Amino acid sequence: MKLAVLLACHNRREKTIKCLEKVYGQNLPVGDEISFDVFLTDDNSPDGTGKEVKARFPKVNVFEGSGSLFWAGGMRNSWRMALESKVEFDYFLLLNDDTYIFESTIVDLLQANNNQFNKSSIPNISIGTTVDEKTGQLTYGGFRLKSHKRLKHKLVVSPDKEEECDLGCANIMLVPKQIVDKIGILHENYTHGIADFDYTLRAKKSGFKVYVAPGKLGFCAYDHGKSWKSSDTSLKDRIKYLYSPKGLQYKEFLFFMRDHFPGEVPSIFLKLWVKTLFPLVYDKFKKERTEIPIEKPVNS
């Protein structure tokens with residue numbers, strides 16, 4: 001069984017190196033039953049991450065980006081490189097470079113994936129849940145929609161069984177070849193975030209399943225922060241944040257909503273502009289926070 005481990009990195013050398021140490025520290029079965037190759041796109045890191053990776057891990061396939069790929073672009077590049085290699089991979093493991101998987105994570109993911117495939121014969125994506133190393137708080141994983149017409153969701157995980165979900169974070173995401181053959185890789189319309197949520201929703205629309213693997217499979221600190229700028233910043237900066245790939249991702253988020261939750265587009269359009277133009281009004285009168293992909297998940 002052969003896996004392609006896919007990563008993208010930019011300017012956080014220590015975290016990327018630690019992530020790769022955890023990948024190569026996997027406790028795999030004796031023999032050649034499970035093996036993997038690593039494909040990493042370094043998006044022109046000023047701190048020399050790519051060069052350090054080449055020196056420390058000569059087996060890693062390192063590719064250079066332009067500096068404007070961001071997460072989704074870097075991951076697409078790594079994924080393409082894996083597909084264009086001469087190796088026939090059975091699975092593709094998407095992994096954030098600030099995620100530190102446990103020694104048994106790959107084996108646990110494969111077991112969870114096989115468990116569900118054996119039950120239904122339907123290929124499925126397996127999502128790994130991460131926690132904050134210091135606090136133990138759940139940070140990323142799989143989310144179940146409360147309604148398939150609205151982007152309201154909750155994080156789900158069980159200590160001992162797979163849990164079906166709708167949205168998956170690619171901090172740890174295992175995708176079998178059969179799904180890639182049908183729906184391809186991350187969508188070109190996404191620059192940074194949302195691409196993983198879109199991918200799992202597209203997989204389900206194509207007849208596949210998505211499950212959260214049992215237990216906790218890695219450490220990753222939650223680092224998205226607030227999803228809008230406060231009133232103490234200038235209007236120019238707030239509008240810039242609205243359109244930024246690392247901000248509210250206005251155009252890409254509306255594309256995502258039109259594609260998957262078209263009935264919510266008018267309200268989301270209004271909320272994004274109210275957040276940007278009148279943040280004090282939004283803070284004062286909002287009755288609930290809109291659960292969008294960049295907001296913080298909670299324990300369930």
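Val281 counts as partly exposed because its relative accessible area is 42%, between the limits for buried (under 20%) and exposed (over 50%), with a 1.4 Å probe and protein chains only. This is a predicted model, where local features need pLDDT of at least 70, side-chain atom pairs count only at pLDDT 80 or more, and totals for chains, interfaces and linings use all residues. Numbering runs from 1 along each chain as its sequence is written, and side-chain values use heavy atoms, leaving out hydrogens and water.

Val281 sits in helix α10 (residues 279–285); helices here are DSSP runs of H or I with at least four residues, strands are E runs of at least two, and both are numbered from the N terminus.

With 7% relative accessibility, Ser158 is buried. Its side chain makes a polar contact with the Asp160 side chain at 3.1 Å (a pair of N or O atoms within 3.5 Å, where within protein one must be able to donate a hydrogen and the other to accept it, and residues adjacent in sequence count only if both atoms are side-chain atoms). The Ser158 side chain also reaches the backbone nitrogen of Lys161, at 3.4 Å.

Leaving aside residues up to four places away in sequence, Ser158 touches Glu163, Pro214 and Gly215, with contact meaning heavy atoms within 4.5 Å.

## The buried side of α8

Helix α8 spans residues 250–260, and its buried residues include Tyr250, Phe253, Phe256 and His260. What do the buried residues of α8 pack against? Their partners are β9 (150–156), α6 (195–205), α7 (235–243) and α9 (265–277).
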